[in-house]
Amino acid sequence: MPQTLKIVYFVEPDAQALARRTAQHIVEQTERAVAARGRARIAISGGSTPRAAFALLADPTQPWIARTPWAKLDLWWVDERCVPPDHPDSNYRMTREAMLDHVPLPAGQIHRIEGELEPETAAARYESELRNSFRLEGAEMPRFDVVALGMGTDGHTASLFPHTQALFELGRLAVANHVEAKESWRVTLTWPVINRAAHLFFLVAGADKAKILKDVWMGPKDVERLPSQFIYPEGGILTLLLDQAAAALLPPPDAQGWGTIERNA
Ligand code: 6PG
């Protein structure tokens, strides 16, 4: 693993431009994976920020729905809330309404986390589906082609929340995680799995995320308090797609909108 993490961030003026940049980025990375490996296995996040980009990917008036190689795409989630798939808090429901109901992605290529089941059962079933689909043996871990992450104002990503048990899971692929702060259970990919991705990016928007972004990527290492700091791609390069409000406390980007931060391991 490289000793220095290179964080490359792109800053868009507003949330709408960021959604367009994100849709473009997802399609480019998907095309790249299909060109290199014949398939694209992508794991996406939930929450509110990705919804606009997902809607653009499904929008017939935009270029991306036709460009996306849906027949060669396998869709996974980095985490899920332990609620039924039609519940307002369901990441699957958000993705279905914004995108899946409107695109030609075969049902067999949609691998949702069964939030309606008992958390440990949902995590175990998701883990075995990962093992079967990626044809893993022994302690092998899956390598996603693209993992799209978000970040909470508390520094969590996926459902890896501060000071929770899931932060210490090194051998499992997916685990149930009780989040005291939310008095609820989540199922999440573990950070070793996330870090194996061929391409990893964070999508973060809004002024309420500016301080946490600075703390996570420019502050002292404190992974249990700031779990996003566990994210360290094997290739040593991490991409952040941001809007100006979220990037307000980072070094100003260059004229093309790009900025870079180097961080020791
Ligand atoms: C979830 C997500 C989570 C999300 C952050 C940011 O299930 O909530 O996967 O990790 O990315 O909480 O959420 P917002 O985009 O709503 O700020």
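**Note on helix packing, sheets and salt bridges**

1. Helix H1 (residues 15-37) packs against helix H2 (residues 51-58) with the two axes 8 Å apart and at an angle of about 60°, where axes are lines fitted to C-alpha atoms, for helices over the stretch in contact, and angles run from 0 to 180 degrees between N-to-C directions. Helices (H or I, at least four residues) and strands (E, at least two) are DSSP runs, numbered from the N terminus. H1 and H2 are therefore oblique to each other, given that angles under 35 degrees count as roughly parallel, over 145 as roughly antiparallel, 65 to 115 as roughly perpendicular and the rest as oblique.

2. Please keep in mind that this is a predicted model, in which local features need pLDDT of at least 70 and side-chain atom pairs count only at pLDDT 80 or more, while totals for chains, interfaces and linings use all residues. Residues are numbered from 1 along each chain as its sequence is written, and side-chain values use heavy atoms, with hydrogens and water left out.

3. On the H1 side, the contact between H1 and H2 is made by Ala19, Arg20, Thr22, Ala23, Ile26 and Val27, and on the H2 side by Ala52, Ala53, Phe54, Leu56 and Leu57, contact meaning heavy atoms within 4.5 Å. Sorted by class, this contact of H1 with H2 has 9 nonpolar, 1 polar and 1 charged residues; here Ala, Val, Leu, Ile, Met, Phe, Trp, Tyr, Cys and Pro count as nonpolar, Asp, Glu, Lys and Arg as charged, and the others, Gly among them, as polar.

4. H2 also has helix H4 (residues 91-98) as a partner, and their axes come within 8 Å and cross at roughly 35°. In this contact Arg51, Phe54, Ala55 and Ala58 of H2 meet Met94, Thr95 and Ala98 of H4, which by class gives 5 nonpolar, 1 polar and 1 charged residues.

5. An open sheet of 8 strands has the order S5-S3-S2-S6-S9-S10-S1-S11 with mixed pairing, two strands being paired if DSSP finds at least two bridges between them. Its edge strands, each pairing on one side only, are S5 (110-111) and S11 (258-264). Strands S1 (residues 4-12) and S10 (residues 237-243) run parallel and are joined by 7 bridges, and Tyr9 stands opposite Leu240 in S10.

6. A further open sheet consists of 3 strands in the order S4-S8-S7, with antiparallel pairing, and its edge strands are S4 (79-81) and S7 (174-179). S7 is joined to S8 (residues 184-189) by 6 bridges, and the bridge partner of Asn177 is Arg186 in S8.

7. The count comes to 15 salt bridges, each being a side-chain nitrogen of Lys or Arg within 4 Å of a carboxyl oxygen of Asp or Glu. In one of them the side chains of Arg67 and Glu31 meet at 2.7 Å, N to O. Arg67 lies in helix H3 (residues 64-67) and Glu31 in helix H1, so this pair ties together parts that are 36 residues apart in sequence.
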